[in-house]
Amino acid sequence: MELSGWDAATLVAKAITYAATLGAAGAVFFLAYSGSLLQESQRARIRRLSGVLAVSAAAICCARILLLAGSMSGDLAGMFDISLQRMILNHGEGRASGLRIAGLALTALALSSSPRALNYALLGAIIASTSFAWVGHIHALPHWYPGLVLSLHLTCAAFWLGALLPLLIVANDGTEPQVAAVVGRFGKLALTAVGLLLAAGAILLWTLIVDASTFWSSAYGVMMATKLLAAGMLLCIAAVNKLHLTPRLMNRDPKAVGLLRRSIRAEIVCAALILLITAAFTTLTGPPH
């Protein structure tokens, strides 16, 4: 598969948009269910993290519109062609981007310590994370439900992947009892979130596969298989955290927090790889039908 400079730039911008949007949304979710366990300094850092990620996601989202316009024209001048920008904004990408930016604006309310502001930020987190379901290959399917299933998949992904940086913040400067309490609470909620994420992903994959041999031999299928491999690695690390590290944290093992930090960093690397692969197969190719 030949990859042009425009394709590469658009792909990277999309991957960053995924990461920043899901990260901003996940940080808001994290504040909602773990806020009472955090120190004020930690809450402030996570609020700032969510705000920075929200602003970054909105900025890259806008930049991606310019890149798509440039890709359509094939030159730099096309990035600033109003007619091309209008064409993009009037279709699915424009609707998705508008919803995403509106949701991100609401997530910024998490910068306030007000409980009411956090409620609005939670709504924004759901809107922002599910905005990716408004555009893509699923809209070519002859079914009504894939959009709803993808929205669930994205929300659960934001809950899980978006919690990694906040967890790292807590693991870096929290006390052992506090880290154990936060990880324990996250682990209990994550069981449901990850289960729903996997179920939704399986339904979407089943819907996309018309002919198994054709699907898995296509470029889309190969990239999907690579994503599933990376997701399997991420699940293995999460399982080690749940079954091995969390009990050690609860038993006040002095080495457990250091191991947790390394484990979270490994999860972040796997998550970044998954988002990059997702950006690749949703940008460069489509499922065979």
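Cys61 is buried (under 20% relative accessible area, with exposed over 50% and partly exposed in between, for a 1.4 Å probe and protein chains only), at a relative accessible area of 3%. This is a predicted model, in which local features need pLDDT of at least 70 and side-chain atom pairs pLDDT 80 or more, while totals for chains, interfaces and linings use all residues. Residues are numbered from 1 along each chain as its sequence is written, and side-chain values use heavy atoms, leaving out hydrogens and water.

A disulfide needs two cysteine sulfur atoms within 2.5 Å, and the structure holds zero of them. Cys236 is in no disulfide either, with the sulfur of Cys270 the nearest at 9.2 Å.

Let's move on to Gln39, in the loop between α1 (5-34) and α2 (40-73); helices here are DSSP runs of H or I with at least four residues, strands are E runs of at least two, and both are numbered from the N terminus. Gln39 is partly exposed, at 31% relative accessibility. Beyond its neighbours within four places in sequence, Gln39 is in contact with Asp173, Gly174 and Gln178, where contact means heavy atoms within 4.5 Å. Val170 is 131 residues from Gln39 in sequence, yet their C-alpha atoms are 9.0 Å apart.
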